[in-house]
Amino acid sequence: SVLYNFTVTPFFEEHTEEEKHFLELIPHIEGKFFFMSSSPVESYSKPYYTYALIYYNISSIDGWGEMYTQYDYTKNLEETLVDYFAHPNCVRFIDTLQQYNTTELLTYKFDCTFLVDECHLVEKAHSGDACLLLLP
């Protein structure tokens, strides 16, 4: 089985440009953050949470251990995101993130513009199409 895995499993791949942009923003995070995007991205949030914690000791409001959190904790966050993606609502979205003590938001493309222009978040840093926003 080791020989099979060695011949079939791909070696590590280089980061895409999109991933590099997100990774460049992580050192700028100073509080608890959340990663989200209504635009399709090539990667997903959990590896960024792990990277931020291991290399920069930065906490997030989400992660790998949903089975260890209370159901209401994840349910409220998921419902808010589904609602935001279907009908962007700044007040509910920001209120929910603040309930989780979120101070910064790592996001992408449309959400960078929408959240600054419509929800009045402040852009702290950007790299390519990715941005880091401050919550009020």
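Helix α3 contains both Tyr-51 and Tyr-55, which are 4 residues apart, about one turn of the helix. In general, an α-helix has 3.6 residues a turn, so residues three or four places apart point the same way. The model described here is predicted.

The search of the whole structure that covers such ring pairs finds 11 aromatic pairs. For Tyr-51 and Tyr-55, the ring centres lie 4.8 Å apart and the planes meet at 40°, so this pair is tilted. The two residues fall into separate accessibility classes: Tyr-51 is partly exposed at 26% relative accessibility, whereas Tyr-55, with a relative accessible area of 58%, is exposed. Elsewhere, ring pairs join Tyr-84, Phe-85, Phe-93, Phe-110 and Phe-114 into a cluster.

## Overall architecture

The protein chain holds 6 helices and 4 strands. Read from the N terminus, its elements follow the order α-α-β-α-α-α-β-α-β-β. Of the 136 residues in the chain, 38% are buried.

Among contacts between residues at least 6 apart in sequence, 62% join residues at least 24 apart. The chain exposes about 8,600 Å², of which carbon and sulfur atoms supply 56%.

## Strand β4 and its partners

Strand β2 (residues 104-108) runs antiparallel to β4 and is joined to it by 5 bridges. Within this pairing, Leu-106 has Leu-132 of β4 as its bridge partner.

Strand β3 (residues 122-127) also pairs with β4 in the antiparallel sense, over 5 bridges. Here Val-122 stands opposite Leu-134 of β4. The hairpin of β3 and β4 has 2 residues between the strands, and Gly-128 in this hairpin takes a positive phi near 60°.

In helix α2 (residues 17-25), the buried residues are Glu-18, Glu-19, Phe-22, Leu-23 and Leu-25. These residues cover an arc of only 160° around the axis, which puts them on the same side of α2. The buried residues of α2 pack against β1 (33-35), α3 (45-56), β2, β3 and β4.

Helix α5 has Cys-90, Phe-93, Ile-94, Thr-96 and Leu-97 as its buried residues. They too lie on the same side of their helix, since the arc that they cover around the axis of α5 is only 160°. On the face of α5 turned away from this buried side are the exposed residues Val-91 and Gln-99.

## The nonpolar core

The largest nonpolar core comprises 36 residues, and Phe-34, Phe-93, Leu-105 and Leu-115 are those with the most contacts inside it. The elements giving two or more residues to this core are α2, β1, α3, α4 (71-86), α5 (90-99), β2, α6 (110-117) and β4.

Leaving aside residues up to four places away in sequence, Leu-115 touches Met-36, Tyr-84, Phe-93, Leu-105, Thr-107, His-120, Leu-121 and Leu-133.

## Positive phi in two loops

Most residues other than glycine have a negative phi. Lys-109 is not a glycine, yet it has a positive phi of about 40°. Lys-109 is placed in the loop between β2 and α6, and its relative accessible area of 41% makes it partly exposed.

His-120 likewise has a positive phi, of about 65°, without being a glycine. This residue lies in the loop between α6 and β3. With a relative accessible area of 61%, His-120 is exposed; it is also among the residues that Leu-115 touches.

Key
Residues are numbered from 1 along each chain as its sequence is written. This is a predicted model: local features need pLDDT of at least 70, side-chain atom pairs count only at pLDDT 80 or more; totals for chains, interfaces and linings use all residues. Side-chain values use heavy atoms; hydrogens and water are left out. Two strands pair if DSSP finds at least two bridges between them. Buried means under 20% relative accessible area, exposed over 50%, partly exposed in between (1.4 Å probe, protein chains only). The arc is that of the directions from the helix axis to the C-beta atoms. Contact means heavy atoms within 4.5 Å. Rings of Phe, Tyr and Trp (its six-membered ring) pair if their centres lie within 6.5 Å; planes under 30 degrees apart count as stacked, over 60 as edge-to-face and the rest as tilted. A nonpolar core is a set of buried Ala, Val, Leu, Ile, Met, Phe, Trp, Tyr and Cys residues joined through side-chain atoms within 4.5 Å. Accessible areas come from the Shrake-Rupley method with a 1.4 Å probe; for residues, only the protein chains shown count as cover.
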